[in-house]
Structure formats: structure tokens, C-alpha cells
Amino acid sequence: MTIILTPYWSNGVQKLKLAPPPPEKQRRGLVPANFADDIHAQRTLAQLRSKDQPLEKYIFLSRLKSDDPDLFYKLCLENMPEITPIIYTPTVGDACIQFSQIYRRPEGLYISVKDKGNIKNVIKNWSKIDEARISVVTDGSRILGLGDLGVNGMGISIGKLSLYVAGAGIRPDSTMPICLDLGTNNQAFLDDPFYLGLRQKRVPEQEMDEFMDEFMREMTLTFPKMMIQFEDFSTDKAFRYLDRYRYQYPVFNDDIQGTGAVVLSGLMNAAKLSSAASGMPLNSHRILFFGAGSAGVGVATQLMSFFTLQGLSVEEARRRIWLIDSQGLVYESRGRLAEHKKYFARNDYTGPPMTDILDIIDYVKPTALLGLSTISGAFTPEVIQAMAGINPRPIIFPLSNPVRLSECSFSDAVHYTNGTVLFASGSPFPEEDFSGKTLYPGQGNNMYIFPGLGLGAILARATQVTDSMVEASSLGLANSLTAEERALGMLYPRIERIREISADIAMQVIRAAQKAGVTRSPELDSKSDSELIAFIKPKMWKPAL
């Protein structure tokens with residue numbers, strides 16, 4: 001018997017631990033004589049492709065991940081463009097809606113408001129306490145653009161963590177999906193006999209605050225090396241709990257910060273192409289947001305970095321951004337505004353409410369139009385043509401998920417701009433052939449950002465996830481395009497390169513954490529960039545097949 005010891009660092013001291021044994025080969029007679037792993041991978045992929053409906057494929061892959069995680073992640077890594085839309089957007093939205101109907105087996109940790117005062121003991125029921133390093137936590141109150149799905153939101157936590165593993169090599173045993181069950185205001189679910197969550201309306205704000213305080217405290221005490229990602233909390237809760245905990249714990253909100261980072265990256269690349277066509281300086285771009293919820297305002301906040309990187313002050317950067325909400329242009333004298341909208345409310349417009357998007361485009365004359373409204377088709381042909389009428393290369397980013405809630409399609413954006421559009425969406429669209437040329441849609445998928453950001457924060461043992469770490473992840477992504485990808489006019493790199501991109505983003509995040517003084521891994525401080533990359537890559541888990 002061979003015993004293998006692997007080194008690891010603990011509080012600055014190198015120690016040894018037993019390496020996990022290699023997967024046990026099936027004993028003779030328990031599998032057919034001609035069974036081979038490589039052929040079985042092909043067989044499994046063929047079985048997946050034989051399914052007609054995306055939800056059937058999702059169910060098939062969920063079972064595969066449970067039965068054979070190595071094979072599941074091998075297929076993910078080798079077929080990323082095909083499998084990512086099944087395990088995450090857009091299919092995960094339908095999976096969440098149907099979660100209580102398609103539920104097969106336990107996965108993740110469910111903590112309900114009934115556990116208040118006893119959360120510590122519930123958390124300790126998790127079977128892999130020593131291995132846990134990252135948790136995606138949702139309360140299901142705003143899943144994608146689908147509204148309050150209650151405990152059915154667990155599907156989003158599971159899906160995100162699958163991407164952490166596939167995208168950045170976080171070990172599967174280190175992931176911990178959590179759904180906080182604080183009730184649901186979705187009456188259809190409350191009336192559904194199959195619904196798996198508490199049959200009660202959502203608890204009041206004060207009770208939820210007390211619950212969240214206990215939850216965060218006990219998570220940190222039980223899992224001192226854990227990074228927590230908040231996911232798909234409703235707008236008010238998303239901002240409140242990020243502000244409440246971000247300076248106490250290593251936590252970030254992907255809807256606010258991750259979406260902002262990935263959009264910032266795409267915008268930086270798009271703005272360079274737009275400015276090259278118009279001659280406009282980069283610091284003169286004007287950005288109009290259609291949608292002013294947590295994602296919209298979070299992205300707007302992150303995009304201020306685009307302007308400050310061009311030399312503008314924070315105040316000057318703020319003045320380059322306009323918001324549209326359900327009542328039209330957001331401006332101070334319009335009347336009472338939600339707290340999170342006030343920062344970007346305009347004080348240079350005092351006229352009557354401006355509610356028509358075409359009137360607003362004519363008034364603002366934006367170079368970039370970003371949609372985070374979940375209003376399908378909001379960017380009508382007239383809207384797209386208006387953007388093309390004032391920009392040689394208009395930037396149009398319909399970012400709402402899933403596909404059926406996107407503000408416009410890539411096909412429409414290409415057609416109504418005569419092929420000049422600089423496009424990125426939240427969910428995937430197919431390529432378009434236009435005037436004898438293949439045009440590639442960008443996908444502002446948070447998957448480009450959060451796996452590398454999480455890996456870097458984990459390896460740095462960051463005590464906080466700072467704004468500078470998020471910005472570093474965005475800059476790392478923007479600079480990751482190859483010469484070939486740039487020549488094709490792509491705004492984001494090919495998703496097949498996600499492991500390479502995540503390693504580089506992790507390095508940039510660690511450097512930002514070091515500068516911010518929030519690391520607990522002093523052994524990384526003296527490493528050069530090349531040494532740090534050499535340290536990161538072996539830490540990325542790979543399937544054993």
C-alpha cells in the first residue's frame with residue numbers, strides 16, 4: 001500500500017496531509033468486459049444529445065453529477081458552449097420554476113426561518129465541514145427575472161457552484177449550495193401540493209435581519225475559510241445585506257458586483273471599437289440603463305470605473321450615466337425615489353416626466369444602451385434604429401436573463417443597425433451571417449468573472465471581497481482576448497478558455513487583495529506573477545478521467 005502525503009499551508013506553516021486515494025477501479029465482473037472510460041464518455045454525451053427538451057437534459061446532467069462527478073465535469077470542460085446553457089442560464093430558470101416537480105434527491109443545505117436560534121446545529125449537519133470553502137446562498141426572492149420562487153431557488157445555488165468547479169477548478173467537495181427558506185409570496189407555490197418550502201408568506205424585515213445576522217455569524221464560526229456569494233435576493237435585500245456584511249465577512253453579491261464586473265469588461269472592449277469608428281474620446285461615452293433594480297444600479301456603479309480609468313473624477317463619472325425605471329427617466333425632481341436609485345438620479349433635468357424610451361434616447365444621445373429590465377422586446381426596431389442613427393457603431397447590451405426576457409435578439413440588433421452593432425447579452429444567442437461576414441454575439445456571462453474571483457479570494461484567504469478585487473477581475477477579463485478573438489470583433493473570449501482565464505483573474509484578484517491588505521496567505525506575498533500563476537494552476541481541480 002502506498003501512502004501519499006501532500007503539503008498545505010495553515011496559518012503560514014506548511015503541513016502535510018494524506019492525499020485522496022485514486023478512484024477505485026471496478027472489480028472484474030462488475031462492468032462489461034469491453035467497458036472503457038473514454039468510450040463511456042462518448043456514450044454519455046450521445047445520451048445527453050438524444051434528449052429533446054433542455055429541461056430533460058438538465059435532469060439527466062443533474063443525475064450524472066450525483067452518480068459520477070468526474071464524468072460530469074469532464075463533459076462540461078470538453079463541451080463548455082453546449083453544456084453551460086443547460087446547467088445555468090437559460091435552462092436553470094425553467095429548472096427553478098419546476099424545481100419542486102423535478103426534485104429527485106437531496107443536494108445542498110436548506111435553512112428555514114423555523115431554524116432561527118438553532119442555525120448553528122443545522123449548519124453542522126453538513127457532511128463536509130472541513131472541506132467547505134465556498135457557498136452560494138439565495139433566499140429565492142428574485143430568481144433571474146422570474147420573481148419570487150421561494151425554496152425552488154436552490155437550483156440557482158446548485159448551478160452557480162457547478163460553474164465554480166467547471167470554470168475555476170474549485171473542488172466539488174469544497175462547494176456548499178444553500179437556500180434560505182423565509183417563506184414565499186408566490187401564491188401559486190403556496191397552493192402547490194408538491195412545493196418543497198414553508199407554506200407561509202415571507203417574514204418581516206426585522207425578523208429576516210435577525211435571521212441573517214445569526215446565519216452569517218454561525219457560517220463564519222463553523223467555516224472560517226469560507227467565502228460566501230449572495231445570489232438572487234430581491235433588490236432591496238441584495239443591497240441591504242451586501243452593505244451590512246461586506247466589511248465583516250468575505251462575501252460578495254454576484255448580481256450587483258459580478259454582473260457589473262463582466263459588463264465593465266465587455267464595455268471597455270466595445271467602447272474602444274465604438275470610439276475608433278466615431279473619433280469620440282473614451283471619456284465622452286454616455287451610458288443609458290433601461291432597468292434600475294439591483295442589477296442595473298450595481299452595473300452602473302461598477303461602470304463608473306470605466307470613466308475613472310480614463311481620468312475622470314468620481315463625480316464626473318457619475319454624470320455620464322442615466323437610468324430608466326418603470327416610470328421613465330430617473331431624476332431628482334420627479335418625486336420619491338427608492339434609496340438605491342438616488343445616487344444616479346439626474347439633477348440637470350427638471351421638466352415633466354419623460355417616459356418614452358425614444359424620447360429619452362433623443363434627449364440623452366447615449367453611445368451605449370444597456371438593458372437589465374427583464375422586459376422582453378423592450379428594445380424595439382425603432383429603439384435599435386434610433387441608437388444606430390446617432391452612433392456609427394452603437395453599443396447595445398440586452399442583459400436580462402433568461403433568453404425569453406432579453407430586451408432584443410442579436411438578429412434584430414444586427415438587422416436594424418445594418419451590421420454595425422456592438423452587442424452583448426446575458427444569455428447566449430447564435431452567430432449571424434451578414435453581408436458575407438460572420439458576426440459573433442458577446443455574452444456578458446458572469447461565469448467569466450465569479451469562478452476566478454472566488455478562486456483568488458479562497459487562495460488569498462481574503463477577509464473581505466473589496467471593490468478593487470472585483471475591478472481587478474474585470475480588467476483581467478477585458479485583457480484576456482487573444483489577437484484572433486479581437487480580429488473577429490469579439491467582446492469576450494471564447495468560453496472554452498475559461499480555465500486559463502480564471503487562473504489569470506485569480507492572480508489579479510490575489511494581487512488586489514494584497515494591496516488592500518485583506519489577505520491571510522502571507523506565503524503568496526513574495527511570489528512573482530509567473531510564480532503565482534504556477535502556484536494557482538495546480539490548485540485547480542481536474543476530473544480524474
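Helix axes are lines fitted to C-alpha atoms over the stretch in contact, and angles run from 0 to 180 degrees between N-to-C directions. Two packed helices are described by the angle between their axes and the distance between the axes. This is a predicted model, in which local features need pLDDT of at least 70 and side-chain atom pairs count only at pLDDT 80 or more, while totals for chains, interfaces and linings use all residues. Residues are numbered from 1 along each chain as its sequence is written, and side-chain values use heavy atoms, with hydrogens and water left out.

**Helices H12 and H13**

- The axes of helix H12 (residues 254-278) and helix H13 (residues 294-308) come within 7 Å and cross at roughly 50°; helices (H or I, at least four residues) and strands (E, at least two) are DSSP runs, numbered from the N terminus.
- H12 is therefore oblique to H13; angles under 35 degrees count as roughly parallel, over 145 as roughly antiparallel, 65 to 115 as roughly perpendicular and the rest as oblique.
- On the H12 side, the residues in contact (heavy atoms within 4.5 Å) include Val263, Leu264 and Leu267, and those of H13 include Val299, Leu303 and Phe306.
- By class, this contact of H12 with H13 has 11 nonpolar, 7 polar and 1 charged residues; Ala, Val, Leu, Ile, Met, Phe, Trp, Tyr, Cys and Pro count as nonpolar, Asp, Glu, Lys and Arg as charged, and the others, Gly among them, as polar.

**Helices H8 and H21**

- Helix H8 (residues 154-168) and helix H21 (residues 498-516) pack at an angle of about 90°, with their axes 7 Å apart.
- H8 is therefore roughly perpendicular to H21.
- Val165, Ala166, Gly167 and Ala168 of H8 meet Ile498, Arg499 and Ser502 of H21.
- The contact of H8 with H21 has 4 nonpolar, 2 polar and 1 charged residues by class.

**Glu231**

- Glu231 is placed in the loop between strand S6 (227-230) and helix H11 (235-245).
- Glu231 counts as buried because its relative accessibility is 1%; buried means under 20% relative accessible area, exposed over 50%, and partly exposed in between (1.4 Å probe, protein chains only).
- Leaving aside residues up to four places away in sequence, Glu231 touches residues including Tyr88, Lys160, Asp254 and Asp255.

**Ser480**

- Ser480 lies in the loop between helix H19 (467-478) and helix H20 (483-487).
- With a relative accessible area of 12%, Ser480 is buried.
- Not counting residues up to four places away in sequence, Ser480 touches Glu485, Pro493, Arg497 and Ile501.
- The C-alpha atoms of Ser480 and Ser502 are separated by 9.9 Å, and these residues are 22 residues apart along the chain.
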